[in-house]
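Hello,

Here is the model you asked for, sequence and structure together. My notes follow below it.

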Amino acid sequence: MSEPSISLSGVRKRFGDTVALDGVDLDVQPGEIFGILGRSGAGKSTLLRTVNLLTRPDAGTVRVDGAELTALSGRELRAARAKTAMIFQHFNLLSNRNAASNVALPLRLARTPRARRRARALELLDLVGLADKARAYPGQLSGGQRQRLAIARALAAEPAVLLSDEATSALDTDTTDEILDLLARLNRELGLTVLLITHELEVITRICHRAAVMEAGRFAETGPVPELLADPATRLGSSARRLAARLLGEEAVR
Ligand code: ADP
């Protein structure tokens, strides 16, 4: 097997008396969509932020695309960090710049020539289904369109991995499905590697190849999603059965 895109080993992080990460090991393979499911406070955001070293772990190693980030600092760390891109629940777009300019921003930071930036921005907008919105400002776009725009921007610098922090949590069900389907398509067509965190079971079941359930700073279970779902003894399997029973129960009542 090739080298993992992301490899965490023995990662620990405390905030005062709170143990946010209690020894996490994780390998995400190139071309994989890996999901981490957990309740609020489980340590998901802290974990995601250690992957690009926005949060530096107290112990353990973090490797991304072959580089050990935990061994780097300064310019080397910034260069290695550029191998990751992140999308967020609230999009984090620049409201005073239009869509094309938002997408071109990472290219400007990477000193890509202006004409190339413009062409690449239009290509990426087309890829996410926003070809006709190049001049629109974020305030003129729907939630789903804003997240598409954020995804296009994240892809601009050609990251090795996309980190998704609850990217669909602010969206309604149909829009959530659209965004998840877009991520799945980018994964298939571009071989994009995705590590996502979520508190929604449906996000895991719809697009993730493998998943981990996180509790109190640890992985309580990890495995291929179809295997976890097929086994009623797993947390994922039992949650899916409870959800199905609830939905079917509600159907029956109507
Ligand atoms: P999740 O994303 O699963 O909701 P977090 O990673 O945000 O969980 O938080 C895990 C634990 O670490 C929580 O108890 C949270 O309060 C604590 N925590 C996270 N970030 C900080 C911080 N910057 N300072 C203090 N405590 C924090």
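This is a predicted model: local features need pLDDT of at least 70, side-chain atom pairs count only at pLDDT 80 or more; totals for chains, interfaces and linings use all residues.

How many nonpolar, polar and charged residues are in the lining of the largest pocket?

Residues are numbered from 1 along each chain as its sequence is written, and side-chain values use heavy atoms, with hydrogens and water left out.

The chain as a whole

The protein chain has nine helices and 10 strands. Both are DSSP runs numbered from the N terminus: helices are H or I with at least four residues, strands are E with at least two. The C-alpha trace spans about 55 × 55 × 40 Å along its principal axes. The radius of gyration is 19 Å, which agrees with a compact globule, because 254 residues packed that way would give a value near 18 Å. That radius is taken over C-alpha atoms, and the globule rule is 2.2 Å times the number of residues to the power 0.38.

The largest pocket

Rolling a probe the size of a water molecule over the atoms shows where empty space is left. The search uses a 1 Å grid over the protein atoms alone: a cavity is a set of points where a 1.4 Å probe fits but cannot get out, a pocket is an open set with protein on both sides within 12 Å along at least five of seven lines, and lining residues have an atom within 4 Å of a point. Grid points are joined across faces, edges and corners, and a volume is the space filled by probe spheres set on the points.

The largest pocket has a volume of about 670 Å³. It is lined by 17 residues, and Arg-81, Ala-82, Thr-84, Pro-106 and Leu-109 are the closest to its centre. Two or more lining residues come from each of helix 2 (74-81), strand 6 (84-88), helix 3 (99-109) and helix 5 (143-156). Strand 6 has the largest share, four residues. As for the opening question, the lining has 11 nonpolar, three polar and three charged residues. In this count Ala, Val, Leu, Ile, Met, Phe, Trp, Tyr, Cys and Pro are nonpolar, Asp, Glu, Lys and Arg are charged, and the others, Gly among them, are polar.

The second largest pocket

The second largest pocket holds about 450 Å³ of space. Its lining has 18 residues, with Leu-37, Arg-39, His-199, Ser-239 and Arg-242 nearest the centre. Helix 9 gives the most to this lining, seven residues. By class, the lining of the second largest pocket has seven nonpolar, four polar and seven charged residues.

The cavity

The whole structure has one cavity of 30 Å³ or more. The space in the largest cavity is about 50 Å³. Among the residues that line it are Ser-164, Glu-166, Leu-180 and Val-203. Strand 8 (193-198) and helix 6 (173-190) each supply at least two lining residues, and strand 8 has the largest share with three.

The ligand

A polar contact here is a pair of N or O atoms within 3.5 Å. A side-chain N or O atom of Thr-46 is 2.6 Å from an oxygen atom of the ligand. For Ala-42, a backbone N or O atom lies 3.1 Å from a ligand oxygen. The ligand taken alone exposes 560 Å², of which the protein buries 57%; the areas come from the Shrake-Rupley method with a 1.4 Å probe.

Regards

Note on methods. A polar contact is a pair of N or O atoms within 3.5 Å; within protein, one must be able to donate a hydrogen and the other to accept it, and residues adjacent in sequence count only if both atoms are side-chain atoms.
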